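Biologist: Could you walk me through this one? I'd like to start with a strand pairing and then hop around.

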Amino acid sequence: MGKIKSAIVLTLISLIIAVLCFVCFVPFPVGWVENEGESGNAPFKFFNPIINWTEKSSDFGAYQFGDEASYFGGGYSVVMYPEGVISAKEYRDNGETEDGKEYVAYADGAVYLDKETVCDGGEAPSEEFKEAFAAQLKCLKKRFESLHCEGISIEVKDGYTVSVSLPASLDASIAAFLYFSYMGEPTVLYGTSQDASAANQIIPETGSKQKPASDYIKGASVRNNLGTAYVEVDFTDLGLELLSSATADAAGSSGYLFIQVGGEQVIGLSISEQIHDDLYISGTYTSDSAAIVANTIDTALDLTGVEFGMSCGEVVRLQAGFAGLKIGSFELSALSLVYIVIGLLFVAMSVFFLVRYHALGFAHILTYLLFTVVMVLIFWAIPIPVGLGTILAFVLSSLLLGVSDAVAYEYARKEFALGKTIVSSVKTGYKKSFWHVFDLHIVLLAIALLVYLIALGEFSVFGLALTFGVALSGLGSLGLNRFLWYVTMGLSGNPGKFCHFKREEVEDDE
Amino acid sequence: MNKRFLPGKLLPVWIAVSALLIIAGIVMYAVFGFNYVRPEKKTIEVSYDAVVSIEDREADLEKACEDAIAQKGVSYSDKQVSDELEMTYVSENGYKRLTYTFGSDVSDETLSSLRDAVEASVTALGVSNADIHVTAHTLRSERLYEASWRAAVALAVAGIVSLVYVGFRFGWGNAIAGLVGCVNDTLLTLSIFAITRIPVYAYAPMLFAGVAMIFSVVLWLLQCARMRENFKDPAYESLSAGEAVATSVLASRKLVCAVLIPIAVAIVVLGALASGGVRLFVLPLLLPLAVSVYSSFLLAPAVFVPLKSKFDKLKSSRKRYVGKKKAQETPAETQA
């Protein structure tokens, strides 16, 4: 490529990369704020860079609301109290004066236990309560784990309460807290009015015929069809028989069917015909909310004999899980810290390439910048929440790109040292390094894709980010970097010096 | 080439080293199991009405709490100021919660005295109508197993798929040696965790074993690529299988280090950045990395030497057979 052509192409590419970098990473003023000075802030409206628009994981994010920056992160947390256990605050506000109830302080006064219900009249929790709490904890873990998202945390707080945190990126966080706190066997009621309290319980049968709910209901699951989410409740033959006989008169007069868990309603339906088959319930469900309802019913089948209910305390909005850096009054969030470390790694890598390959290092730097920008755009567009897994994947694929480029350069350096022309050296260098780079990328791509498809939560996010990272690294190393090498090399009259390649010194026999 | 470094000859040594460590690991596991940890933390929570009464004195409240904590000679690892929300409308209810987190090394007595000190300190502020409530809590983390074992399964499947690729691309001798390396790395990683008592989360050992498998495959892949390239060199033709493998393995150390060192740096940097719980997962990743270096440089090449000899013999006998067949066919063709 001629010098002028090279200069034009390189200028264009550099400009595109600079603009993309600017849009992705730099906030810049885009106008004036109306009513300037009222809030005491700067009078400029700032463009929020795309890196800020990306979803943040519960560990790295910091929630922020408003028009300027509507990205989320952090999460929500709630403490779930088993029946008979109240918080110290509630005890102070209501418990001391509540009629007929006596409470025992537990965990140094962090919670209070109902002496009658929880302690069986004594001062310590009864065995029955302990067993019920263990069953509730197991059920909660199963329920929340079924959400399959990153950033879920379950902690036992003060011995007998459960603190649950969910990421803000999960739309149905609050619904999950509410539904998943319902404890007890599922029941099915049928009545002629919308008031569930006036309906008759049909499953499980009451009285002497009473059996566990699992004898009537096989399970519940979620189905998605053409964008509509359904909750499927699967009944046993016995369950269907009861349901069918209870709804026999539904064709003539409208009836109402209610499915409750632990006495709390999870599904309410109007019935206009006799039911002969499993229930497929759609409505205003999203895929997430349908999964929450189905999971609540399904897991409640294991709660036969658990008499204690559960209730949610106040929901709390959490900041990012990872602590940042604080030196005196100077504070830096964990995410900013990560950006700085990645920036430092970039500087270290650039210095290495510029020292070892002189001006050729710019070809790698331009490739890397484009790789970074495209990765950020992918994180934003898909979206992939920026968390520990994403950052790990980004760092690994950056290293892969660096190593791949360096391997190609080293092969070309060897060829050049043997006396070949620079064009021939580049060609042979890439030819020789192609299969090394290709093998490494294809194996890592397979690993990343399988991790994305099989694993859950943070690991799955890591797999997805790594899949894109490895694919882009492959394209960058084998395609773009080679092209940029040709373009940048065209600017120099002495390509060997340009690339810091030297000929092998041959000893003169004379 | 260093004549003492002949992988084929050292195979019994590497087998003995691996077997010894694995048997010791099995014994340790049978007696003590893994050193599982259940992360525990302690918190001081200060709940207050942020709208009605405290208004501009939130900073004073935080300072009062932090002064009280500092006076007790304890430092907190995290601080959160959170808004309380109404469950129904997900809107702020005017209350805020200030949470200071401490490590599990803070005793119950210290926590109790911290709570009393914080309570006294905020009472002294004179904002009693702000409905301030101070409590101390102990939280024990519950592990969610499904994510961990699914990740381990994913890594195992990925490892097998990669080995199949190695088999197709570089030959089944390389794949078998890689498989031996993978199995060794998986077992060795688990054994070293059992022997050294490195604290791990439940199910995390399976995950580390999976990671060891992946590291092992990637490093062995690099060795295979280098061997394939080197064995085309006429200089290698005169070498025995053991010498050829040894020379190639030694020649590949720069390439392997170029991949290895950045991974190690990434692990250390992320480990240094992450919070305590995540650090407990990230930093032990150096162990499977070290184990995979051992197998890709020493064990797998040693296993590969006899396999290469066998496959080379098979190849040459097949060549001879083809040559003979051609020689028999040529006169007949000439006659025709």
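Biologist: Which residue is the bridge partner of Glu155(A) in S4(B)?

Modeller: The partner is Ser141(B). Strand S7 (residues 153-157) of chain A pairs with S4(B) in the antiparallel sense, over four bridges. Strands here are DSSP E runs of at least two residues and helices are H or I runs of at least four, numbered from the N terminus; two strands count as paired if DSSP finds at least two bridges between them.

Biologist: Before we go on, what kind of model is it, and how is it numbered?

Modeller: This is a predicted model, where local features need pLDDT of at least 70 and side-chain atom pairs count only at pLDDT 80 or more, while totals for chains, interfaces and linings use all residues. Residues are numbered from 1 along each chain as its sequence is written, and chains are lettered from A and ligands numbered from 1 in the order in which they are written.

Biologist: Thanks! How many residues of chain B are in contact with chain A?

Modeller: On the chain B side there are 52, and they touch 52 residues of chain A. Contact means that the C-beta atoms, placed from the backbone, lie within 7 Å.

Biologist: Which elements of chain B give two or more residues to that side?

Modeller: They are strand S2 (78-85), helix H3 (108-123), strand S4 (133-142), helix H4 (145-170), helix H6 (204-230) and helix H9 (253-273) of chain B. H4(B) gives the most, with 13 residues.

Biologist: And how does that side of chain B divide by class?

Modeller: It has 30 nonpolar, twelve polar and ten charged residues. In this scheme Ala, Val, Leu, Ile, Met, Phe, Trp, Tyr, Cys and Pro are nonpolar, Asp, Glu, Lys and Arg are charged, and the others, Gly among them, are polar.

Biologist: H6(B) is on your list. At what angle does it pack with H11 of chain A?

Modeller: Helix H11 (residues 422-454) of chain A and H6(B) pack at about 160°, with their axes 10 Å apart. The axes are lines fitted to C-alpha atoms, for helices over the stretch in contact, and angles run from 0 to 180 degrees between N-to-C directions. H11(A) and H6(B) are therefore roughly antiparallel; under 35 degrees counts as roughly parallel, over 145 as roughly antiparallel, 65 to 115 as roughly perpendicular and the rest as oblique.

Biologist: Is that crossing left-handed or right-handed?

Modeller: The crossing of H11(A) and H6(B) is right-handed. A right-handed crossing has the near helix turned clockwise from the far one by less than a right angle, and a left-handed one has it turned anticlockwise.

Biologist: Which residues make the contact?

Modeller: H11(A) brings Trp435(A), His436(A), Asp439(A), Leu440(A), Val443(A) and Ile447(A), and H6(B) brings Ile214(B), Val217(B), Val218(B), Leu221(B) and Ala225(B). They divide into nine nonpolar, one polar and one charged.

Biologist: New topic: how do H2(B) and H3(B) cross?

Modeller: The axes of helix H2 (residues 58-71) of chain B and H3(B) come within 8 Å and cross at roughly 140°, so the two are oblique to each other. This crossing is right-handed. The contact includes Leu61(B) and Ala64(B) of H2(B) and Leu114(B) and Ala117(B) of H3(B).

Biologist: What about domains in chain B?

Modeller: Chain B is divided into domain 1 (3-36 + 143-315) and domain 2 (41-139); the bounds come from an automatic or database domain assignment. Their centres, taken over C-alpha atoms, are 49 Å apart.

Biologist: Back to chain A. What is the strand order in the sheet with S6?

Modeller: That open sheet of three strands runs S4-S6-S5 (chain A), with antiparallel pairing. Strand S4 (85-87) and strand S5 (103-106) stand at the edges with a single partner strand each, so one side of each is left without a neighbour in the sheet. Neighbouring strands are turned by 30° against each other on average, direction ignored.

Biologist: Which residue in S6(A) is the bridge partner of Tyr103(A)?

Modeller: Asp114(A) is. S5(A) and strand S6 (residues 111-114) of chain A pair over four bridges.

Technical notes:
Contact = placed C-beta atoms within 7 Å.
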